[in-house]
Amino acid sequence: MKLLTKKQSPSIPKEFQLFGKTIKVVFDQERCDADGSYGLALYAESKVLLSKRFDGKDIDPVKIETTFWHEVVHYILNDLRYKKLSEDEVFVSRFAMVLHQVLSSAKI
Ligand SMILES: [Zn+2]
């Protein structure tokens, strides 16, 4: 099952709504590097942080998109009070990959 395809730049919103809250999406290389992560869901700040580089290398745009969806899945599960499921990184990653595939292949 191939979920990812090559592309030039990521399709990432600047913000989105979730349960009446506005979540800002910000590229913050410094904080992601400090955490050693591709992205972070900062619930207290209503922000998703993303990075463009990891270990000194550019991150593939599709990987940036799947990281965005990964953080969104964390947000959804956290807001729905499915804390244990939100801590299951394998589940969150798989769900995000499938969600990304549906949304990136959707024809309107
Ligand atoms: Zn995660």
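Student: How close do the axes of α2 and helix α4 (residues 89-105) come, and at what angle do they cross?

Tutor: The two axes come within 8 Å and cross at roughly 120°. Axes here are lines fitted to C-alpha atoms, for helices over the stretch in contact, with angles from 0 to 180 degrees between N-to-C directions. This is a predicted model, where local features need pLDDT of at least 70, side-chain atom pairs count only at pLDDT 80 or more, and totals for chains, interfaces and linings use all residues. Residues are numbered from 1 along each chain as its sequence is written.

Student: Why are α2 and α4 called oblique to each other?

Tutor: Roughly parallel means under 35 degrees, roughly antiparallel over 145, roughly perpendicular 65 to 115, and the rest is oblique. The crossing angle is roughly 120°, and α2 and α4 are therefore oblique. The crossing of α2 past α4 is right-handed, the term for a near helix turned clockwise from the far one by less than a right angle (anticlockwise is left-handed).

Student: Which residues of α2 and α4 meet?

Tutor: E65, T66, W69, H70, V73 and H74 of α2 meet V92, S93, F95, A96, M97, L99 and H100 of α4; contact requires C-beta atoms, placed from the backbone, within 7 Å. Seven residues of this contact are nonpolar, five polar and one charged. Nonpolar covers Ala, Val, Leu, Ile, Met, Phe, Trp, Tyr, Cys and Pro; charged covers Asp, Glu, Lys and Arg; the others, Gly among them, are polar.

Student: How do you know that the span of α2 agrees with its 19 residues?

Tutor: The expected span is 1.5 Å times one less than the number of residues. For α2 that gives 27 Å, and the end C-alpha atoms are 27 Å apart, so the two agree. Just after α2, R81 has a positive phi of about 70°.

Student: What does helix α2 (residues 61-79) lie across?

Tutor: Helix α2 lies across β1, β2 (21-27), β3 and β4, and runs at about 25° to β3. Helices (H or I, at least four residues) and strands (E, at least two) are DSSP runs, numbered from the N terminus.

Student: What makes β1 (15-18) and β3 (39-42) the edge strands?

Tutor: The open sheet has four strands in the order β1-β2-β4-β3, with mixed pairing. Each of β1 and β3 pairs on one side only. The average twist from one strand to the next is 20°.

Student: How do you know that β2 and β4 pair?

Tutor: Pairing needs at least two DSSP bridges between the strands. Four bridges join β2 and β4, in the parallel sense, and one of the residue pairs is V26 with L49 in β4.

Student: In which sense do β1 and β2 run?

Tutor: β1 and β2 run antiparallel, joined by four bridges. Q17 has T22 of β2 as its bridge partner, and F16 stands opposite I23 in β2. Their hairpin has two residues between the strands, and F19 in it takes a positive phi near 50°.

Student: In which sense do β3 and strand β4 (residues 47-50) pair?

Tutor: They pair in the antiparallel sense over four bridges. L40 is opposite L49 in β4, and G39 has L50 of β4 as its bridge partner. The hairpin of β3 and β4 has four residues between the strands, and S46 in it takes a positive phi near 50°.

Notes
Contact = placed C-beta atoms within 7 Å.
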